[in-house]
Amino acid sequence: MISFALCLLALICGYIVYGRFVERVFGPDDRVTPAVAKADGMDYIVLPSWKIFMIQFLNIAGTGPIFGAIMGAKFGPVAYVWIVLGCIFAGATHDYLSGMLSMRNDGAGLPQLIGKYLGSAAKSVMLVFTVLLLIMVGTVFVYSPAEILHSIGGETMMWVCIIFVYYIIATMLPIDKIIGKVYPLFAISLLFMASALMVWLFIHWPTVPELWDHLYNMGKEAEPDKWIDQIFPCLFITIACGAISGFHATQSPLMARCMKSERMGRPIFYGAMITEGIVALIWATVSSWFFYGNPAPGYELIEAATAGFHTSAPAVVNLVCNEWLGVTGAVLAMLGVVAAPITSGDTAFRSARLVVADWLKMDQRPIAKRLTICVPMFCCSIAMLVWQIENPDGFNTIWQYFGWSNQALSVFTLWMLTVYLVRERKCFWLTLIPALFMTTVCSTFLFVSRQAFALPEPLAYGLGLACLVVAVAWFTLWYRKEVGKESANKINQ
């Protein structure tokens with residue numbers, strides 16, 4: 001628990017100190033924002049800052065910082081290191097700069113920003129990649145809450161249909177009609193659940209593994225015959241939303257179109273990510289007690305826990321909340337496990353609609369034009385959902401591809417931000433180091449993963465290192481070329 005307290009303090013200090021440094025590097029000013037300049041009553045609408053924070057937090061969180069932290073906690077306290085360092089130096093920086101850059105470009109979506117700074121070819125690739133990822137997010141976050149609701153009553157397909165109807169309505173209506181009214185309530189519930197668990201932890205002070213005693217792969221030690229995941233790169237893919245997530249860069253433009261001042265950026269973009277990191281830290285600690293608690297593992301102290309170390313993330317949420325928080329915990333667990341993924345799903349579809357609309361330069365005020373984009377999008381999602389239901393391991397397969405795609409998207413975003421900072425002659429090391437690290441993580445995971453190339457580990461790690469060397473060489477050559485252009489321009493002037 002001492003590790004938890006120190007990491008919690010580190011996240012708070014990270015927001016105060018490093019967050020302010022990142023803000024100064026970008027340099028927000030008093031220029032007119034897209035919410036004011038392009039107000040259309042649909043997607044460009046000025047909203048109160050507290051409401052924007054709540055919507056941004058719920059958009060980027062969903063169940064990511066809960067489920068990812070629970071699965072990541074099986075590796076041991078090393079998960080703390082990634083949550084803290086990843087959140088402060090990678091995730092929150094990534095979210096703040098991508099959101100602010102969207103504001104500086106009239107609320108542009110991620111593919112448009114990537115096209116501006118990485119070229120038209122990258123824009124075309126990212127347009128398809130981003131839309132597919134967003135549809136995948138929406139599809140993944142239909143089936144899991146439908147299954148949970150099925151355990152309460154009704155058929156799974158009935159709940160799937162109900163959720164889809166909600167998705168269509170929320171995607172089509174102006175952002176302030178449903179999202180602006182309902183999301184803050186769900187966000188408050190999610191924060192209240194995390195706060196209640198944190199209070200429980202401080203009151204009971206359970207004995208959990210500390211960083212200085214267990215900084216190794218505890219999952220491998222717990223199940224040496226079955227546990228095959230290595231800390232690198234698997235931990236950094238497993239814990240995504242609680243540290244860094246490319247999906248966030250697709251959500252930030254939604255709020256960039258609703259902010260009346262650039263100076264709101266740090267508390268909204270950087271602050272929401274730090275808050276998500278705190279939620280992930282809480283659940284990593286709760287899960288550490290559940291899987292590795294002393295004197296007995298937490299699952300041995302909960303009668304309803306029968307799967308032990310293999311207890312699924314949603315089951316851990318329900319078991320712990322019911323055991324620790326009683327009836328209130330059951331309600332909050334339901335909101336966290338059901339409402340959170342649904343809300344992330346509908347904003348994913350909304351983001352996909354806006355990305356396609358920007359690409360086609362299609363005005364989104366007429367409902368017919370919204371339908372033109374949404375109907376094919378939902379048809380693709382339904383087809384993906386049918387495949388997922390018909391295949392026994394369909395959900396896990398889609399989730400694994402989503403996890404890697406999510407982190408791969410953060411790689412493109414970080415490189416785009418690095419190019420922007422270089423061209424603006426600002427401190428590009430802020431994003432260059434995370435870009436190089438995540439490039440190595442994603443490439444290595446692609447080589448070693450059973451769902452991809454499944455290469456032998458020595459070869460996979462060697463190829464991952466080679467990708468790092470190529471990335472460093474590419475950036476060095478490009479940077480020298482940029483410096484040369486700048487020098488030539490100064491001479492010509």
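Which residues have the most contacts inside the largest nonpolar core?

1. Basis. This is a predicted model, in which local features need pLDDT of at least 70 and side-chain atom pairs count only at pLDDT 80 or more, while totals for chains, interfaces and linings use all residues. Residues are numbered from 1 along each chain as its sequence is written, and side-chain values use heavy atoms, with hydrogens and water left out.

2. Core. The residues with the most contacts inside the largest nonpolar core are I66, L197, F269, W283, F290 and W324, and this core has 161 residues. Helix 13 (residues 265-292) gives the most to it, with 18 residues. A nonpolar core here is a set of buried Ala, Val, Leu, Ile, Met, Phe, Trp, Tyr and Cys residues joined through side-chain atoms within 4.5 Å. Buried means under 20% relative accessible area, exposed over 50%, and partly exposed in between (1.4 Å probe, protein chains only). Helices are DSSP runs (H or I, at least four residues), numbered from the N terminus.

3. L197. Leaving aside neighbours within four places in sequence, L197 is in contact (heavy atoms within 4.5 Å) with I282, W283, V286, V320, W324 and L325.

4. A272. This residue is found in helix 13 and counts as buried, at 0% relative accessibility. Beyond four places in sequence, A272 is in contact with F53, Q56, F57, I60 and P267.

5. Helices 11 and 17. The axes of helix 11 (residues 231-238) and helix 17 (residues 429-448) come within 9 Å and cross at roughly 105 degrees. That makes helix 11 roughly perpendicular to helix 17, a label for angles of 65 to 115 degrees. Axes are lines fitted to C-alpha atoms, for helices over the stretch in contact, and angles run from 0 to 180 degrees between N-to-C directions. From helix 11, F232, P233, C234, F236 and I237 meet F437, T440, V441, T444, F445 and V448 of helix 17. By class, this contact has nine nonpolar, two polar and no charged residues. Nonpolar covers Ala, Val, Leu, Ile, Met, Phe, Trp, Tyr, Cys and Pro; charged covers Asp, Glu, Lys and Arg; the others, Gly among them, are polar.

6. A460. A460 is found in helix 18 (residues 457-492) and is buried, with a relative accessible area of 0%. Not counting residues up to four places away in sequence, A460 touches T444, F447, V448 and L455. The C-alpha atoms of A460 and V448, twelve residues apart along the chain, are separated by 5.3 Å.

7. Helix 8. The 17 residues of helix 8 (residues 156-172) should span 24 Å at 1.5 Å a residue, and the end C-alpha atoms are 24 Å apart, which agrees. The expected span is 1.5 Å times one less than the number of residues. Buried in helix 8 are T156, V160, I163, F164, Y167, A170, T171 and M172.

8. Backbone. Most residues other than glycine have a negative phi, and most peptide bonds are trans. The peptide bond from F232 to P233 is cis, with omega near 10 degrees. D106, in the loop between helix 5 (78-104) and helix 6 (110-118), has a positive phi of about 60 degrees. W205, in the loop between helix 9 (179-204) and helix 10 (218-222), has a positive phi of about 45 degrees. D106 is partly exposed, with a relative accessible area of 45%; W205 is partly exposed, at 41%.

Technical notes. Helices (H or I, at least four residues) and strands (E, at least two) are DSSP runs, numbered from the N terminus. Angles under 35 degrees count as roughly parallel, over 145 as roughly antiparallel, 65 to 115 as roughly perpendicular and the rest as oblique.
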